[in-house]
There are 2 protein chains.
Amino acid sequence: MDKEIMAYLSKNRKAHLNELFQFLSKESISALPDYKQKVQETAQWTAEALKNAGMENVKVYATEGHPVVYGDYLHAEGKPTVLVYGHYDVQPVDPLHLWQSPPFSPEIRSDKIFARGASDDKGQVFMHIKAVEAILKTMEELPVNMKFCIEGEEEIGSPNLPVFVKNNTDLLQADVIVISDTSMMEKGKPTICYGLRGLCGLQINVKGPKGDLHSGLFGGAVQNPITALVSILSSFHNENGEITVEGFYDKVESLTMDEKNAYEALDLKDDIFIKQTGVPSLFGEKGYSTLERMWVRPTLEINGINGGFQGEGIKTVIPSEASAKITCRLVPNQDPDEIISLLQAHIQKQIPVGVDVSIQLFDKGAPFVTPFDHPAIQAAGRSYEKVYHVPTSYTRGGGSVPIVAVFDQFLELPIVLMGFGLPDENFHAPNEHFHLENYDKGLQTICTYWYELAHTLS
Amino acid sequence: MDKEIMAYLSKNRKAHLNELFQFLSKESISALPDYKQKVQETAQWTAEALKNAGMENVKVYATEGHPVVYGDYLHAEGKPTVLVYGHYDVQPVDPLHLWQSPPFSPEIRSDKIFARGASDDKGQVFMHIKAVEAILKTMEELPVNMKFCIEGEEEIGSPNLPVFVKNNTDLLQADVIVISDTSMMEKGKPTICYGLRGLCGLQINVKGPKGDLHSGLFGGAVQNPITALVSILSSFHNENGEITVEGFYDKVESLTMDEKNAYEALDLKDDIFIKQTGVPSLFGEKGYSTLERMWVRPTLEINGINGGFQGEGIKTVIPSEASAKITCRLVPNQDPDEIISLLQAHIQKQIPVGVDVSIQLFDKGAPFVTPFDHPAIQAAGRSYEKVYHVPTSYTRGGGSVPIVAVFDQFLELPIVLMGFGLPDENFHAPNEHFHLENYDKGLQTICTYWYELAHTLS
């Protein structure tokens with residue numbers, strides 16, 4: 001990266017932080033109807049910030065809910081186009097009394113910025129805006145074409161973004177999507193997450209007698225709905241932790257040797273996860289390492305189960321009904337709809353005599369992976385390394401970010417998750433904060449990345 | 001039964017019913033501390049009623065809780081001694097607004113007495129007292145020796161009766177125990193229940209991670225406590241509904257041919273139970289009829305299960321813990337302590353990797369059966385038939401009456417459950433009532449029984 005850019009960032013650091021504090025002081029809580037106007041104002045603020053940085057065609061797009069802010073810069077002829085996605089909305093702040101400083105009065109303590117949204121995601125969105133500003137002010141042009149899509153409903157599950165993306169595929173078309181809304185593995189360890197698992201799930205409702213029965217009077221005569229449910233649920237795994245649903249693993253991609261090596265390089269020992277979770281020992285699908293099981297293997301979890309008497313002591317009932325919620329984490333190339341069908345077929349085969357079973361489906365999301373060796377991924381890795389001076393970690397995430405699946409579905413672009421947060425920065429919790437070290441280095445990394453990309457993808 | 005006794009009962013019917021209404025108007029709710037004094041007054045009233053009927057050595061015995069009322073008549077030399085057990089306490093009356101007439105203001109509607117305790121158990125205790133009075137007033141002596149043991153804590157699980165019985169085995173010694181606190185099968189169908197199942201149970205607590213985990217981040221790395229619990233619970237039965245706990249059935253007595261015939265004579269078709277319970281079809285241990293499964297075969301039921309997210313929709317957690325409550329109904333000669341040990345051993349063998357399991361034990365009670373062909377049982381059957389003019393039904397009960405197990409354990413006497421209630425008389429619920437038909441016929445049956453017993457057991 002050019003020294004002039006670095007000098008500009010350094011010289012303007014204080015002014016930039018003041019500006020970020022303005023952004024962070026805006027109470028853009030998307031979940032609470034009373035804050036609708038504040039969310040709207042924050043969208044306007046974001047649009048102004050994009051304009052001031054030098055972005056063009058800046059517009060606040062209304063949706064059925066909170067607006068989407070768009071802006072672009074399309075003067076880098078022959079160069080790739082980057083779509084930057086982020087969000088300007090934040091989580092609610094309850095419980096307020098646990099905050100050491102008010103959530104919307106940002107302050108710096110121990111080299112961290114404390115405020116709601118500091119890391120998730122205003123801080124990271126702001127860095128992208130300031131990177132544009134720094135390059136344009138010093139170099140007069142950007143090395144790539146850029147589009148910003150900053151939404152206001154990420155914290156409530158992006159209910160209106162899919163429609164927006166679907167209706168604006170031309171506007172949003174690009175060569176790569178960059179999202180800075182994830183965390184590095186740990187302090188000083190820059191990380192690129194190049195894949196996420198998908199999700200699908202359902203609730204199983206078992207209905208037996210019309211009302212709870214006395215287990216003395218009727219025990220032995222009827223099927224117990226809990227026993228029936230337990231028998232269905234226990235049929236999903238074998239003792240090796242493998243999922244026994246027919247066809248479940250059929251389309252699962254196997255890991256490349258490069259990826260295996262990348263995970264081994266992370267040097268994440270099982271002890272770390274035992275300590276993090278507090279389990280007596282780890283457990284999972286036989287034949288795979290813990291990281292593989294968390295990132296590249298699908299799972300089937302029972303998230304909740306409920307039936308019969310829940311109080312202290314004993315009540316000798318045969319309950320009228322019982323239910324359980326299950327979700328699967330999916331990996332490329334599993335299709336959520338196909339997996340749901342396989343689960344339903346499996347359940348149908350397992351229904352015991354004497355009960356009725358019904359199924360409710362939950363929302364689903366597809367898994368995504370950008371090939372590990374994709375030039376955009378490797379360029380991102382090099383950019384981190386140039387700034388942090390340590391090797392970049394390549395990971396996949398076990399969780400699901402539904403919006404990533406939306407972009408994957410409608411734009412079919414490589415997606416780079418270039419996060420600068422840290423796992424313990426309390427996003428969604430009191431005392432959310434963001435490390436200034438990653439603010440500074442992150443800004444440099446982003447600027448560096450645009451030049452790397454211009455070089456790599458051209 | 002002598003015509004003079006019948007005439008006496010007939011002549012004094014109105015006075016007796018007035019007296020019963022006094023008894024029923026006493027608010028002897030044993031569960032509520034505020035009613036302690038009322039319970040005490042009801043014990044005194046019961047003692048007075050016994051004295052007035054002609055019983056001797058009447059005494060109100062204090063216990064750690066509510067008192068026990070005792071009285072005897074021991075002048076029938078060479079004749080058997082009968083111990084009559086009953087209780088003068090009643091269930092709470094909530095929800096009060098569902099009562100058509102106040103619970104402690106007895107009234108007769110459609111030939112039924114409506115009041116809390118009308119059938120459970122003041123009405124039936126009162127009949128025994130008036131049977132004594134009628135015989136003594138007309139015949140001057142009782143055909144058998146009699147002892148009354150009427151307690152005030154049955155509705156709260158008789159916490160102090162075991163100690164009372166254990167400390168007074170000489171006082172309570174007899175040749176047969178008669179309890180009128182159960183129901184006939186249906187109107188016009190006198191019924192003797194000559195056996196009850198026992199009960200033992202435990203709670204299984206499964207503990208995995210120290211807190212709930214995000215199923216995306218950690219799914220695949222750890223054992224899910226619900227999955228572990230479900231795997232333990234599903235191991236208790238096979239697909240034939242048989243319990244697979246090693247040794248569980250070892251001591252179970254098989255049914256005699258006489259008993260099989262008696263059950264067949266009841267002509268209780270499966271359709272009846274399907275209608276009563278509302279299940280799509282009945283289910284249970286292969287190779288046994290529905291009645292056998294309910295009365296003479298042991299069961300293992302999951303009474304409650306709990307773990308993870310319980311709300312609407314989906315929350316993708318791996319819960320920290322899960323638990324289930326299970327109880328077994330036991331039959332002669334299963335020993336509750338032995339069965340608990342077998343269950344614990346079974347569970348230990350089933351614990352999956354990656355979780356800790358703890359067990360909490362619940363109260364237990366032994367099963368009981370008085371041999372079907374015991375003279376006291378057969379004499380009771382004949383007494384019903386002389387009054388009701390239909391064949392007596394012989395049943396066993398699937399439920400457990402802990403106090404019966406206490407008498408069985410400390411006194412080792414044949415027990416006759418001679419009930420006059422009906423299954424739909426709302427005991428424990430609003431609008432409890434008692435049919436006058438069974439009040440009248442029951443009084444005659446009791447008087448008849450004492451003469452039959454004097455003849456049979458002498």
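These legends describe close-up views of a predicted model. Residues are numbered from 1 along each chain as its sequence is written, with chains lettered from A and ligands numbered from 1 in the order in which they are written. Local features need pLDDT of at least 70 and side-chain atom pairs count only at pLDDT 80 or more, while totals for chains, interfaces and linings use all residues.

**View 1. The contact between chain A and chain B.** Chain A gives 67 residues and chain B gives 68 residues. Two residues are in contact if their C-beta atoms, placed from the backbone, lie within 7 Å. On the side of chain A that touches chain B, elements giving two or more residues include helix 8 (225-233), helix 10 (270-277) and strand 13 (321-330) of chain A. Strand 11 of chain A gives the most, with nine residues. Helices (H or I, at least four residues) and strands (E, at least two) are DSSP runs, numbered from the N terminus. By class, this side of chain A has 25 nonpolar, 32 polar and ten charged residues. Ala, Val, Leu, Ile, Met, Phe, Trp, Tyr, Cys and Pro count as nonpolar; Asp, Glu, Lys and Arg as charged; the others, Gly among them, as polar.

**View 2. Strand pairing across the two chains.** Strand 11 of chain A pairs with strand 11 (residues 299-308) of chain B. The sense is antiparallel, over five bridges. Pairing requires at least two DSSP bridges between the strands. Gly307(A) has Ile305(B) as its bridge partner.

**View 3. Domains 1 and 3 of chain A.** Domain 1 spans 3-196 + 367-457, and domain 3 spans 253-291. These bounds come from an automatic or database domain assignment. The domain centres, taken over C-alpha atoms, are 29 Å apart. Domain 1 gives four residues to the contact and domain 3 gives five residues.
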